[in-house]
Amino acid sequence: MTTADTRIQGIGMTSARTRDRLVQRLREQGINNEAVLGQICNVPRHLFMDEAMASRAYEDTALPIGHGQTISQPYVVALMTQALLEDGRPEKVLEIGSGCGYQTAILAPLVGKLYAIERLAPLQVRARNILASLNLRGIRMRVGDGWKGWAAEAPFDGILVAAAPEVVPEALLQQLADGGRLIIPVGGRASQELIKISRKGSAFETQSLGAVRFVPLVGGGDS
Ligand code: SAH
């Protein structure tokens, strides 16, 4: 194995065995999409965080990544990805709050084209480098305000949001294709609910996926 292979495949607390245990845990919690579980096993989560944290990378927990942000909990990443893929493979997907890029890496091979927006430039730069080192393709990334979506590329078959607004941003509903789905946590600091919104023509159906805790989606449309 080359040094690069060793880095990606991991050793000790980042090894295949440690990752298998995480996958087993997610299965027990109801994640049953094999493509999603395969990605949780394959994507080296330890590369998306500081080396000091790497030994905890395959714990099912959110961890700090600097700039006051976190890398999402694997269970929640898996749950959101599974919900996004439920009605088939979405061709065009928008991800908001891509942060360190872990969710981006899980998602990219499972969808057609992926568009990712992150507010903080330093996180975006780091994510871009890691994703490139993993040879992930079909991803367009930009720094911007997720409240506004990505109008020039709309409509999207799927939109996944990894930070919580108090109300669903109107622009995201507008940028959802007919038959598309939006997976988004909604609520304040005290309590949030993960919801799936499916668009059927001009109607929007909402389904709850349970309680979650995300950092706030900063701004509010006009900021
Ligand atoms: N998806 C990441 C977790 C990101 S945490 C993972 O896979 O681990 C949420 C991210 O949303 C943070 O990086 C934060 O900077 C970003 N964010 C917050 N408000 C935003 C906004 N209005 N537009 C874009 N990104 C935003």
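A polar side-chain atom of Asp-145 lies 3.0 Å from a nitrogen atom of the ligand. This is a polar contact, meaning a pair of N or O atoms within 3.5 Å; within protein, one must be able to donate a hydrogen and the other to accept it, and residues adjacent in sequence count only if both atoms are side-chain atoms. The model is predicted: local features need pLDDT of at least 70, side-chain atom pairs count only at pLDDT 80 or more, and totals for chains, interfaces and linings use all residues. Residues are numbered from 1 along each chain as its sequence is written, and side-chain values use heavy atoms, with hydrogens and water left out.

**Ligand contacts**
- A side-chain N or O atom of Glu-118 is 2.6 Å from an oxygen atom of the ligand.
- Gln-103 uses a polar backbone atom, 2.8 Å from a ligand oxygen.
- On its own the ligand has 580 Å² of accessible area, and the protein covers 99% of that. Areas come from the Shrake-Rupley method with a 1.4 Å probe; for residues, only the protein chains shown count as cover.

**Shell around the ligand**
- The ligand has 25 residues around it, each with a heavy atom within 4 Å.
- Ser-72, Gln-103, Glu-118, Gly-146 and Val-218 come nearest.
- Strand E2 (69–71) and helix H5 (102–107) each give two or more residues to this shell. E2 has the largest share, 3 residues.
- Helices (H or I, at least four residues) and strands (E, at least two) are DSSP runs, numbered from the N terminus.
- The shell has 12 nonpolar, 9 polar and 4 charged residues. Ala, Val, Leu, Ile, Met, Phe, Trp, Tyr, Cys and Pro count as nonpolar, Asp, Glu, Lys and Arg as charged, and the others, Gly among them, as polar.

**Largest pocket**
- The ligand takes up the space of the largest pocket: more than half of its atoms lie within 2 Å of the grid points.
- On a 1 Å grid over the protein atoms alone, a pocket is an open set of points with protein on both sides within 12 Å along at least five of seven lines; lining residues have an atom within 4 Å of a point.
- The lining has 43 residues, with Gln-69, Ala-162, Ala-163, Phe-214 and Val-215 nearest the centre.
- By class, the lining has 22 nonpolar, 14 polar and 7 charged residues.
- E2 gives the most to the lining, 3 residues.

**Backbone**
- The Ala-154 to Pro-155 peptide bond is cis, with omega near 5°.
- His-67 is not a glycine, yet has a positive phi of about 60°.

Methods
1 Å grid on protein atoms, 1.4 Å probe; cavity = no way out; pocket = protein on both sides within 12 Å on 5 of 7 lines; lining within 4 Å.
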